[in-house]
Every structure is written in C-alpha cells, then in structure tokens.
Amino acid sequence: MGLRNKDLLGLKQLTAEEIMEILETAKTMKMVLTSGNKKTSHLQGKSVITLFYENSTRTRLSFELASKYMGSASANISATGSSVAKGESLLDTARTIDMMATDIIIMRHSHSGAPHFIAPHLNASVVNAGDGMNEHPTQALLDMFTIYEKLGTLEGKKVAICGDIYHSRVVRSNAIGMTKLGAQVSIYGPKTMMPVGIEKLGCRVADNVADCVKDCDAVMGLRVQLERQHKSLFPSVAEYSKFYGISPEMLELAKPGALLMHPGPCNHGVELPTAVYDCDQSVINEQVTNGVAVRMAVLYLLMARRNQI
Amino acid sequence: MKIILENATLFTGEKKDIYIEDGKFCDVFDKKDADKTYDISGKTVFPGLVDMHCHLREPGFEYRETILTGSMSAAKGGYTSICPMPNTDPVCDNAAVVSGILKKAKEAGYARVYPIGACSKDLDGKLLSEIGLMKEAGIVAVSDDGKPIATAELLRKVLEYSSDFDIPVLDHCEEKTLSDGCMNEGEVSTCLGLRGIPTAAEDIAIARDIIMAEYLNIPIHLCHVSTKSGVRMVRDAKARGVKVTCETCPHYFTLTDDSCENYDSNFKMHPPLRTKEHVEAIIEGLKDGTIDAIATDHAPHHEDEKCVEFQIANNGIVGFETAFALGYTYLVKPGHITAQRLAELMCYNPSNILKLGRGGLNVGDDADLAVFDLENEFIFDKNKMLTKGRNTPYDGFKLYGETILTIMGGKVTYEKLC
C-alpha cells in the first residue's frame, strides 16, 4: 500500500484505496494530536517548506503545525517578502527551494495547475495546498475524514454543497473524492457561479437549496467572495443569503442531526447565519482540528514513500 | 540558374519533368544545361504554399522570431508566400514599417513576404491607420489581428475605407467581454479549474461581421474559425451571397481541448482548442467549401513565455513546419478531401482572397513549388525546426507529407538533406 505518486496534486490523482489509507492514518494522527504529548519523530531529519502565493490562515498554519509536531525542519515563504516580489518565475523559485535538499514543498497558488507544472521539475514532493479554481485536496480529505469519523463511512452518504461553485477548488476536490468513496454529492449555487459540465465530476446539480440539502447526511456551505457582486455574479448580499444561503429552515430539510460543515473562512450572515454556524450540528470547528490530523497523515505517507525509494 | 525536376508527379496526378529557368517555369531544355537536377520520383509536387496568416515578430520581438528565421521555417514547410500580421513593435500601421519589413524579407530571400497592415493606428481600435499609403508600400490586407476590430462602428469604417483601395479586411472574431479565460469553456475547463472561453464569444463576433459585410455588400475575411456555429453561419451567409470568406488552422481540425489536461501551454492558443463536435464541424466546412483556406497562425514565443503557469502563458503555437503534413495526414489521408482540395486550401484560395496571383505551374509562371513525400511516415521533431520557437503541440507526432524541396522564384529555399 502507501501512495503511488511522488506528489499530492489532487483527488483526481488518488485512488479510493489511497484516500482510505490517508483517512485511516489520520485517525492515528488525531490520537497523537489530542494526546498530551504531540511530538512524533516521523519527519525527523526532514525538511518541509510552505510556499504560499495566496493568503491563508487555516491551511498554512495546520501544515506548519503538522510538520512541526512530526519533528521536521520547516520554513515558510510567501510571495511578498521573497524574490517572487522581485519577479522571479515560479519555476526558478521552486527549483531554488528544491536545491536546498527540501523533502516536501507545500504550495498554494492562484493559478490552476501551478503545482502540476512545477512537480515534474523537482526532486521534492509537491503538496497542493490549493491551486486556483482547480483543487484543494487536503481540505477535501479533512472534510471526508470528518464525515468518516462521525458517520463511519462515506459509502451511500448524501452530501450537499451550496454556494459559489464556479470559483471553488473545495467543491472540485470534494466532488471527485467523495464520489470515489461512494457518496452522492449534490451541489447548488447561482447559475452565474455554476461552471459548465460540472456533472462530469460525478455530482448532481440541484434545482434549489431545498432540493440540494433534502435528506442529506452532511451539508456544506461555501464562502462567497463578497467582491464578486461587483462582477454581477450576484446583485446583493441580502438577495444571496435569502435565495442561496443555508437558513435554519433549510437545514431542517436535511436528515436529523446532519453534519453542518464549512471550509472557512465564513461570511456570517451571507452563506450561513451565525445561528447555523454555531448550531449543535455544526462540526466547523472540529474540521479545523481534523485538518491538522489529515495533513500529518499526508506528510507521513509521502515521507514513507520517499524513504522507500 | 536552370533546374530540372525529373519524374515529378503533380498533386493532380499528372506526371512530367519540370523545367525552371531564370525564376520561371519554362519549356524543355537540354538536360546537360541544367545547373541542378533532382530526381523526385515517388514524391509529389504542389504549388508553393501560401500562408495568409502568420507572425514573423520583426520588428520588435526578434528574440521570438525574425523575418529571416520565419521565412526559413516557412520554406521548410513548403511555403513560398507568407503574410505576416501587423502586431509587431512598432505596429505595422504605416508605410515606413511596411517598407522595412519588405526590405528585410528581400534580404532574407526565403519567401515572398506580403505584409498585412493594421486596421487601426497602434492596433488600439480607435483611429483608422493609413491604409492607402500602406497599400502603396506593399500591404495586401488589413487586420487588427490578435485583437478583434474593436467596435461595430470601426468595423464599418474599415470595411468602407479599405474597399476604396480594394484592400481585403481580415478580422479576428472575438467578443472580448465574454473571453476572459484561457481555454475552451466546457467539461474540461471545469474539471481543470481553468476559466473558459465560450464558443459564443467567437460566434457573436462572426455574426456581427457577417451582418456588417451583408449590409455594406463589402467582402470580409474571418480569421481562424474554430466553432461549429461559426462554420454554419458562414455557410448560410455564403448561400445568401454575402461576400464572406474564412480560414481555419491545422490545430482546429487535429486537436481537442482534452489536450490541455496536463496544463501544457503548448496547447494554449486563441481561439482555444474546442471539443470533438467542433473539430468535426471544421472538417465538414473544409470538405464542403465553407472554409476557404488553411492558415498557420504561426506564432513563435520564447520558452520563457511558455514554460510558466498555463494561465499566464502566451497564446499561440508555431505552425509553418507542420501545417502541410497535418493537412495531408488528417484531411487527405482519411479521405475527407482530395490533394487538389488541399492545394486550394493552402495555396489557390488564400492567393485569390488576397489577390496575390500565386500558384501557377505553367510555363512563364514564377517557379514557386514544394515537393512532399506523401508515402512515408515521419516523426515530427520540434528540435529540428528552423523557427526560433519551440512552442508546438505536435512534437513526436507521426505524420505524412514531409517537405523534400521548396523552390521560390527558381531559388531552392529548402532542401531535405537525405
């Protein structure tokens, strides 16, 4: 077993078996994480670099903590404050990091396919921490882990995802990954934010929020970028939250006790009212903890593969 | 200079020996007097190809291509006449730049270069450029290529004003407000998370151009058509008698948008690669005469402009050295069209649209010809190209129709060393 590829670029490149191995490993990692002593030695003597071309709180910090809990030497580079600001190309920057005997490069980039572009040129393993509108594999893995942990399986489970589908890398990774594990994914959002042919990823496009969330085991809201209203993708926050938000009434249409999820950061009162964000069914805060466990699992498995070769 | 091509088979199937003297096809002369004799048995002679749409990058972007390297590349592809678009720096929007291009082209001596002038000054879509003076200097058409003619108002003025000088107008059809993307919009763009460009962006512009040409009763030529609806609109317009002609490029009948799946920018161009449905419609349009010409849209870029993230990579691919082989392999070989039709698409029609008078193979005509090997497969190797660009999606493709010999005005401009 173990991972087949040097890099973790997306859920597209993972098999169902690989996804399950990551989720199982994450269970162990969560035990480490929630124990009193969070130190392991799996990454001792190894180096992990985070290279972020976009802002991030959760993803970046959880990768950083994951690698530190596991004993690696780690460092961060941002677009601002590095030679990127001097106009250095992505490939030159990545090669420079690679040549410092780096084992794993974790990259977030605003351009879809950026990690796919650099990975073949590097000795280091590349982990995609979000590329443009394409994928955000570790977010989907932590979402799947959360459902797996709470409900025991994804097989046959119904998951609803509502919001700005077009621009969401979280939706793409989740639709692909959850479908691979046998879940049924329904999506809904304004037509202006619904990409052509999204069904190809294995999900169902619902008719409205009610149709999307009905009888679901998990309901996920997505952050809508408020600046998008200036591009006429939606006319106002009031209208968005009324017709596309997940209200308490809508949540009641899901299965009793259905998990309420959100990848964060959340615009309170837009995609979710605060009452929903904080409701008993909400696992939003636990998703954050699971994010560290899943990222520890990913780093562990990639390093195990590197050690074998 | 006297040349004989022995045992030639013409693209029409006719077999004969070809005699060339002083740059022209001539009557039989004593074989002993020939300066060069080529036995081309088993190979096929076409008229020298005419490319009505390419980018030679000079002046201004000599690091990508020069008139010399571009002409040599064209010759290697069997082209003897090429028409560079005006998006140079400075823009080819005045007689001085036209003259400079022609001077360099003559010094290079590898192809007849017929410059295309800009419709609007500095390609900014606002003011008419000096079309009359540019015609005196040698342009054969006008275009704002790389950009659509910006507004319907400017399109009208360009068509009207150019018609006074009998200068054809070539338009790059794109509705800019819809085309903020980097590949075809569809399942593939959604799956890759790349912003898509809908076929509607091209179709709306084609519709606009046809409407204006019909209203004014002035000819218009549409560049690089890539969509099914575009082909249908041109077909319908032609049936009504609208003076519209159009071209497509080899990539639009050989590749689909699936090719972008590895984010390889050698598959990125404008218009973008479409789906199978559109590829089939393009082939249908080439078969039934709706599409008049195959142009290359040869667009060399430096490696530094292509070896980057897909979204920020420059649009365009090189095309001179693959166009004929792709046309032969993907259109003639499967039986979609005949070799004669390929000669129309790649020589006679573009020559007629631009009134170049090329393609004659009779005694007294300028000796422009290309000899191709249609029998043997060859593997296309991007590192053996003569263009400076290496941005081709066809590296490693197995093709038929390798160029053996190109003669322009009685001068050998390319010869494959066996």
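Colleague: Why are α1(B) and α2(B) called oblique to each other?

Modeller: This is a predicted model, and in it helix α1 (residues 67-76) of chain B packs against helix α2 (residues 95-108) of chain B at an angle of about 55°. Angles under 35 degrees count as roughly parallel and 65 to 115 as roughly perpendicular, so α1(B) and α2(B) are oblique. Their axes lie 9 Å apart.

Colleague: Which hand does the crossing of α1(B) and α2(B) have, left-handed or right-handed?

Modeller: The crossing is right-handed.

Colleague: And which residues meet where α1(B) packs on α2(B)?

Modeller: From α1(B) come B:Ile67, B:Leu68 and B:Ser71, and they meet B:Ile101, B:Lys104, B:Ala105 and B:Ala108 of α2(B). By class, this contact has five nonpolar residues, one polar and one charged.

Colleague: Let's turn to single residues. What makes B:Asp22 count as exposed?

Modeller: B:Asp22 has 10 C-beta neighbours inside 10 Å. The cut-off for exposed is 12 or fewer, so B:Asp22 is exposed. You will find B:Asp22 in the loop between β2 (15-21) and β3 (24-25) of chain B. Its phi is near 50°, which is positive although the residue is not glycine.

Colleague: Why is B:Asp122 called partly exposed?

Modeller: B:Asp122 has 15 C-beta neighbours inside 10 Å. Exposed needs 12 or fewer and buried needs 20 or more, so B:Asp122 is partly exposed. B:Asp122 also has a positive phi, near 60°, in a residue other than glycine. B:Asp122 sits in the loop between β9 (116-118) and α3 (131-137) of chain B.

Colleague: What about A:Gly202: why does that residue count as partly exposed?

Modeller: A:Gly202 has 15 C-beta neighbours inside 10 Å. That value lies between the limits of 12 and 20, so A:Gly202 is partly exposed. Look for A:Gly202 in the loop between β6 (184-188) and β7 (204-205) of chain A.

Colleague: Which residues is A:Gly202 in contact with, leaving aside its neighbours within four places in sequence?

Modeller: They are A:Ala175, A:Ile176, A:Thr179 and A:Val185. As for A:Ala94, 108 residues apart from A:Gly202 along the chain, the two C-alpha atoms are separated by 33 Å.

Colleague: How many residues make up the largest nonpolar core, and which have the most contacts inside it?

Modeller: That core has 114 residues, and B:Ala141 and B:Val142 have the most contacts inside it. Helix α11 (residues 320-332) of chain B gives the largest share, eight residues. A second, separate core has 109 residues, including A:Ala175, A:Tyr188, B:Leu192 and B:Cys260.

Colleague: Which residues does B:Ala141 touch, not counting those up to four places away in sequence?

Modeller: Among them are B:Cys83, B:Ile116, B:Ile167 and B:Leu354.

Colleague: How many residues of the two chains are in contact?

Modeller: There are 17 residues of chain B in contact with 21 of chain A. On the chain B side, helix α5 (residues 187-192) gives the most, with four residues. That side of chain B divides into eight nonpolar, six polar and three charged residues.

Colleague: One last topic, the peptide bonds. What is omega for the cis bond from A:Gly264 to A:Pro265?

Modeller: For that cis bond omega is near -10°. A:Pro265 lies in the loop between β9 (259-261) and α10 (274-277) of chain A. In chain B, the bond joining B:Asp89 and B:Pro90 is cis, with omega about 5°. The place of B:Pro90 is the loop between β7 (79-84) and α2 of chain B.

How values were computed
Residues numbered from 1 in each chain as written. Chains lettered and ligands numbered in written order. Predicted model: local features only at pLDDT ≥ 70, side-chain atom pairs only at ≥ 80, totals over all residues. Core = buried A, V, L, I, M, F, W, Y, C linked by C-beta atoms within 7 Å. Helix = DSSP H or I, 4+ residues; strand = E, 2+ residues; numbered from the N terminus. Contact = placed C-beta atoms within 7 Å. Axes fitted to C-alpha atoms, helices over the stretch in contact; angles between N-to-C directions. Parallel < 35°, antiparallel > 145°, perpendicular 65-115°, else oblique. Left-handed = near helix turned anticlockwise from the far one by under 90°. Nonpolar A, V, L, I, M, F, W, Y, C, P; charged D, E, K, R; others polar.
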